[in-house]
Amino acid sequence: MLPEEYMTRMQRLLGAEYGDFLAAYEKPRNAGLRLNPLKTDCPPELSRFALRPIPWAENGFWYRPDVRPGKSPWHDAGLYYLQEPSAMAPAGLLDAQPGERVLDLCAAPGGKSGQLAGAMRGEGLLVCNEISESRARVLSGNLERLGVANALVLNERPQRLERVFPGWFDKILVDAPCSGEGMFRREEAAVADWSELTVRMCARRQAEILDTAAVLLKPGGRLVYSTCTFSPEEDEGTVSEFLKRHPDFAVEKTEAPWFSPGRPDWVKEPAPGLADTFRLWPHKLSGEGHYAAVLRRLDGEAGETARQTPAEPPAELEAFRGEAGADIPEGMFVLFGSRVFLAPHGLPSLAGLRVLRAGLELGEARRGRFEPAHAWALWLKTAARTMDFPEDAPELRRYLAGETLPGREPGWTLVTADGLSLGWGKCADGVLKNHYPKALRRLA
């Protein structure tokens, strides 16, 4: 049941539209997936998912919920990410490009970060930050599954980034923590947690996060602010107050004919341009509730930051690469103890930062041998030894459950589903020992 205060508020705001809005809660939820361009340019046949293109999201599709694509090994291989259709809008509005410096400031669970990474095509640097450590680990795992190699995953309070990245990013996404009104149809917890006090608390937190984003964006840079709530205090109100505090920013008029305009009439003394922000209403499109504003920093000072010093790769890694025939992307080596990462050139100094992932994890040097990371397998397209199975093969179910398989040529082997990498195995004595991570295994 929806909170009474919330229903009263929405009826007051929407007037004659309120009946259509309320009726949307009785409709089935919309299910979406986004194909991952980092994995392949030629995806396998997906007709059984009954995909229909989402016009506001490149590579985004609606699918029938009953087909359950999350159960397929293609999902484990990172071929696609399951994402609510409206949630694909903010990253699309940011328009990240290859070679840019891009920040996802409130990044967990990683759907929008993965979308940005796909748009960047592995070029440039994507910094993904999340204040909650547990959620940051989920974020890191999702980027790993999608084969993202150029992402730095941080677990920091946003304000701590100001000293490291002042005026440094080309583009910033702030998908802010909010009261979650747009998710009421999907998440009972959001309904239970809602109150007018929560709305006000969220608006204060959003203001703090946006002020940090203003410090981090370089002159001429683009900032997209988004929420999944209908509250004017958290949407047009937050943007309006931000623009008053930061006269070097303005709303950028952006073409997005699928969305409804913002409502400056719901804000006291609105700043200019709020009508050019966007509202995504569940009774007007096939998706949940969202709000987004595209902002441009007009002037100010660009900043620089100290660079991370590259490390020398351990000899064990070079020996493994030669034996396994495993490629690596362009970049610089970064070591955390015996763990080896490959990060984009120009990586900022990591000193003093809480880092969960510095680019692509390659693995760990252990007493004269190299143990390859699962992340490296998911990034790879080919290796010297590969065992490929069709998506519906029982061998894949067994592999994902952690079982051994009949082996072939001895040595480290890449296991794939229709050519899409899933993980490592190691063949010896006619048996493929399973190296699929225990935390990801599922019943056969």
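These legends describe close-up views of a predicted model.

View 1. Strand β13 spans residues 290-297, and seven of its eight residues are buried, so the rest of the structure largely encloses it. Strand β9 (residues 217-227) runs antiparallel to β13, joined by six bridges. Here R222 faces R296 of β13. Strand β10 (residues 249-251) is also antiparallel to β13, with three bridges. A250 has R296 as its bridge partner. Three bridges link β12 (residues 278-280) to β13, again antiparallel. In that pairing L280 stands opposite H290.

**View 2. The salt bridge between E233 and R9.** The closest N and O atoms of this pair are 2.8 Å apart. E233 sits in the loop between β9 and α9, R9 in helix α1, and 224 residues separate them. E233 is partly exposed at 35% relative accessible area. R9 is buried at 5%. Salt bridges with shared partners join R9, E196 and E233 into one network.

**View 3. The salt bridge between R101 and E304.** Its closest N and O atoms lie 3.9 Å apart. R101 belongs to strand β5 and E304 to the loop between β13 and α10, so the contact ties together parts 203 residues apart in sequence. R101 is partly exposed, with 22% relative accessibility. E304 is exposed, at 53% relative accessible area.

**View 4. The salt bridge between E288 and R185.** Here the closest N and O atoms are 2.9 Å apart. E288 is in the loop between β12 and β13, and R185 is in the loop between β8 and α7, so the pair connects parts 103 residues apart in sequence. E288 is buried at 1% relative accessibility. R185 is buried too, with a relative accessible area of 18%.

How values were computed:
Residues are numbered from 1 along each chain as its sequence is written. This is a predicted model: local features need pLDDT of at least 70, side-chain atom pairs count only at pLDDT 80 or more; totals for chains, interfaces and linings use all residues. Side-chain values use heavy atoms; hydrogens and water are left out. Buried means under 20% relative accessible area, exposed over 50%, partly exposed in between (1.4 Å probe, protein chains only). Helices (H or I, at least four residues) and strands (E, at least two) are DSSP runs, numbered from the N terminus. Two strands pair if DSSP finds at least two bridges between them. A salt bridge is a side-chain nitrogen of Lys or Arg within 4 Å of a carboxyl oxygen of Asp or Glu.
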